[in-house]
Amino acid sequence: MSFVLGIDTGGTYTDGVLIDRKRHNIVSKAKSLTTREDLSKGITSVIRDMEMADGEEIEFVALSTTLATNAIVEGRGCSVGLIMIGFSEEQDVPAKEIRYLPGGHDIRGNEKQPFDEAAAREALESLRGKVDALAISSYLSIRNPEHELIMQKLAREVLNMPVVCTHHLTRSLGMKERSVTALLNACLIPIIEELLASVKKVMGERNIKAPIMIVKGDGSLMGEQQAMERPIETILSGPAASIIGANFLARELNGMVLDMGGTTTDIAVLKNGVPKLNKEGARVGGWLTRVEAAEINTYGLGGDSYVQKDCHGNFKLGPRRVWPISVMAAQYPNLEEELSHIHLPRTNPLVIAQVTDCYVLLNEHQTVVLSEREKNIIEILREMPHSLFYIASKLDVDVNMLDFEHLVTTGVLGQISVTPTDILHAKGVYTQWNGSAAKIAVALLAKRFDMTPDKFCEFVIEKVTERLAYTTWQSLINHEGSSLDIENDPIFQYLTAKQFRPSDNDLLTCRISPTIPVIGIGAPVRIWLPLMADKLGARLVIPEHTEVANAVGAAVGRIMEVVKILITPGNSGLGYVLYSTWERKYFEHLEDAVAYGREFAKSKAEELARSNETSKSSDSGSAIEVTVEHKDVYADANGLANDIYIETRIEAVATEKSDWM
């Protein structure tokens with residue numbers, strides 16, 4: 001017998017499935033809380049709870065994860081410096097430490113300005129002790145990466161830290177987007193390293209010697225070495241796996257896959273069993289990248305979204321993910337006791353916190369500089385989590401004088417507060433964790449809104465349901481190519497109010513419904529999606545094993561590698577220049593350049609695919625198929641005899657044959 005072990009490490013839960021490859025059936029499945037302080041604990045718990053085969057019978061282990069996506073959405077990760085070479089103006093990118101240097105190339109790959117080694121060394125020294133990794137973005141490095149490569153060598157020599165170059169990650173234009181991609185890639189390196197190390201640790205304990213594969217954002221699989229070098233490709237890994245898993249479990253060729261997790265809700269449209277790819281690049285946490293991924297709309301809404309009263313007194317849901325009080329109080333009963341002793345009048349101000357906020361120590365060994373007060377907070381939390389008011393009393397300060405933002409965003413502390421999961425526990429419709437602690441916390445927060453606990457629960461449930469409906473509408477509108485922002489459109493707001501809150505006095509009625517089924521994936525969907533589907537009038541499909549669909553998608557994924565090559569006329573129209581990630585090559589004749597490019601792309605795509613190939617197929621020599629396409633681009637010559645040649649685009653796709661579908 002042969003088995004595949006699929007594991008999905010999400011922001012809240014770690015899921016596992018064991019699939020019999022020959023019979024195509026799920027042998028066992030399990031869920032456990034993701035233990036952010038030590039990922040191996042959650043993975044160990046999942047594997048322990050499954051009826052595992054002997055380790056030697058597992059052909060490979062496939063991982064999907066939302067850790068990278070969540071880190072970007074929540075603003076976490078290591079501190080990254082950015083070196084920008086040849087840029088004439090400052091760029092709006094997510095980095096605090098940016099250094100600008102002369103250099104860069106033009107669209108033909110010719111040097112704009114010489115590289116300044118002395119200035120480069122000075123810039124690197126100025127970053128010492130301030131960053132944990134480095135991203136390098138040189139102007140038009142996709143045409144000539146020379147300056148990035150020189151800078152990379154210098155950076156490793158001077159700072160001895162992870163260094164990421166933009167030309168290694170994308171062949172697409174868009175200088176800002178390329179820089180953002182490199183920055184986020186560097187930021188995510190320690191997160192993926194920790195995940196892989198945790199999985200390997202558990203595999204060693206269970207005598208599992210199989211290779212590890214990781215789901216990319218387009219739903220295909222890559223090997224662990226590629227994941228370590230290019231963790232940015234795992235953004236939207238979890239949602240991409242959910243699409244593959246939804247197709248496998250629901251057997252619906254067309255539909256809208258809605259994956260609701262703890263941190264985010266991810267939505268994609270499935271057509272003929274395949275998700276649409278976003279060729280422009282995935283957008284996550286407000287940043288557009290140049291990473292090709294399934295066209296997925298990601299929203300900061302999940303079962304663990306932070307329920308808050310903002311500084312203006314308004315209700316706010318997410319996008320930050322926090323630990324539900326019901327979950328953490330089940331493990332640490334002291335939290336229920338501490339919350340029960342909080343008596344704060346509704347009129348007492350809380351500037352930057354919620355009355356229900358608590359904190360847990362996750363990783364005090366993060367490489368961050370701490371203030372004395374932050375060090376004292378860590379000491380208070382060393383044995384167990386505590387409420388905001390308990391910490392303030394131990395430090396003898398007003399709660400409004402405490403700021404936990406730095407400790408939370410760097411991953412040293414985890415935040416605990418009221419979430420939609422707690423609302424369901426307080427209502428009694430969900431009973432997995434500590435319901436009494438949830439009721440106490442919900443009552444405290446309801447008081448801040450001048451509501452009874454029951455009224456507040458109904459209010460939050462309505463808000464979550466409406467928010468899910470809006471994410472559905474917006475995703476389908478986006479998929480149709482419209483730029484309409486429905487939450488800021490007064491006409492759409494007027495019409496949907498008729499749908500959500502109809503009145504006997506209305507002269508108009510409205511119903512805006514999807515024409516395709518909604519396929520619900522994720523642990524919370526059995527509770528939330530029937531409420532949403534009722535509001536939308538949508539057909540809802542929630543397949544068996546939906547709670548572990550991401551892990552299923554990882555297990556049934558396949559390898560795919562894409563190589564792109566561009567050919568353009570040479571300088572002064574003489575000859576032709578071929579550009580790829582690996583080389584810049586001159587040809588006298590176009591047909592020679594195209595022939596070389598097609599063969600190079602084909603062999604490189606197959607080489608990359610085989611480097612990721614595992615023992616998944618006994619006939620590994622025939623497991624990879626390669627297709628090559630090329631397109632010559634011409635401009636209209638305005639009636640002249642021949643159109644003007646612009647460029648040739650070559651794309652090779654190497655795909656592993658699938659034995660699942």
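Reader: Hi! Leaving aside its neighbours within four places in sequence, what is Gln 152 in contact with?
Author: In this predicted model, Gln 152 touches Ile 136, Val 163, Cys 165 and His 168, once neighbours within four places in sequence are left aside.

Reader: And where is Gln 152 found?
Author: Gln 152 is part of helix α4, which covers residues 146-158.

Reader: Does Gln 152 count as buried or exposed?
Author: Gln 152 counts as buried, because its relative accessibility is 9% and the cut-off for buried is under 20%.

Reader: Thanks! Before we go on, what is the mean pLDDT of the protein chain?
Author: The mean is 85, and 93% of the residues reach 70 or more.

Reader: Good to know. New topic: how many residues does the largest nonpolar core have?
Author: The largest nonpolar core has 73 residues, and Phe 404, Leu 413 and Phe 456 are those with the most contacts inside it. Helix α15, residues 453-479, contributes the largest share of this core, with 11 residues.

Reader: Let's pick Phe 456. What does it touch, not counting residues up to four places away in sequence?
Author: Phe 456 touches Val 307, Ile 423, Val 442, Leu 445, Ala 446, Phe 449 and Met 451 on that basis.

Reader: Back to the helix, then. At what angle do α15 and helix α17 pack?
Author: The angle is about 65°, and the axes of α15 and α17 (residues 525-536) are 9 Å apart. Their crossing is right-handed.

Reader: Which residues make the contact?
Author: From α15 there are Ile 461, Glu 462, Val 464, Thr 465, Glu 466, Leu 468, Ala 469, Thr 472 and Trp 473. From α17 there are Trp 528, Leu 529, Leu 531, Met 532, Lys 535 and Leu 536. By class, the contact of α15 with α17 has 10 nonpolar, 2 polar and 3 charged residues.

Reader: Leu 529 is interesting to me. Is it buried or exposed?
Author: Leu 529 counts as buried, since its relative accessibility is 0%. Not counting residues up to four places away in sequence, Leu 529 touches Leu 258, Leu 468, Val 518, Gly 520 and Leu 540.

Reader: And what separation do the C-alpha atoms of Leu 529 and Ala 469 have?
Author: Those two C-alpha atoms are separated by 9.2 Å, with Leu 529 and Ala 469 lying 60 residues apart along the chain.

Reader: How do α10 and α11 compare? What is their packing angle?
Author: Helix α10 (residues 372-380) and helix α11 (residues 388-395) pack at about 115°, with axes 11 Å apart. The crossing of α10 and α11 is right-handed. The contact is made by Arg 373, Asn 376, Ile 377 and Ile 380 of α10 together with Tyr 390, Ile 391, Lys 394 and Leu 395 of α11. These residues divide into 5 nonpolar, 1 polar and 2 charged.

Reader: Where is Leu 381 found?
Author: Leu 381 is in the loop between α10 and β23 (386-387). Leu 381 is buried, because its relative accessible area is 1%. Leaving aside neighbours within four places in sequence, Leu 381 is in contact with Tyr 359, Val 360, Leu 361, His 386, Ile 391 and Leu 413.

Reader: What about phi at Asp 450?
Author: Asp 450 is not a glycine, yet it has a positive phi of about 60°. Asp 450 lies in the loop between α14 (435-448) and α15. Asp 450 counts as exposed, because its relative accessibility is 56%.

Reader: And what is phi of His 545 near?
Author: Phi of His 545 is near 70°, a positive value in a residue other than glycine. His 545 sits in the loop between β26 (540-541) and α18 (549-555). With a relative accessible area of 17%, His 545 is buried.

Reader: Last one: where does Ser 417 lie?
Author: Ser 417 lies in strand β24, residues 413-417. At 0% relative accessibility, it counts as buried. Beyond neighbours within four places in sequence, its contacts include Tyr 306, Trp 323 and Asp 422.

Notes: Residues are numbered from 1 along each chain as its sequence is written. This is a predicted model: local features need pLDDT of at least 70, side-chain atom pairs count only at pLDDT 80 or more; totals for chains, interfaces and linings use all residues. Side-chain values use heavy atoms; hydrogens and water are left out. Axes are lines fitted to C-alpha atoms, for helices over the stretch in contact, and angles run from 0 to 180 degrees between N-to-C directions. Helices (H or I, at least four residues) and strands (E, at least two) are DSSP runs, numbered from the N terminus. A crossing is left-handed if the near helix is turned anticlockwise from the far one by less than a right angle, and right-handed if clockwise. Contact means heavy atoms within 4.5 Å. Ala, Val, Leu, Ile, Met, Phe, Trp, Tyr, Cys and Pro count as nonpolar, Asp, Glu, Lys and Arg as charged, and the others, Gly among them, as polar. Buried means under 20% relative accessible area, exposed over 50%, partly exposed in between (1.4 Å probe, protein chains only). pLDDT is the predictor's confidence in each residue, from 0 to 100. A nonpolar core is a set of buried Ala, Val, Leu, Ile, Met, Phe, Trp, Tyr and Cys residues joined through side-chain atoms within 4.5 Å.
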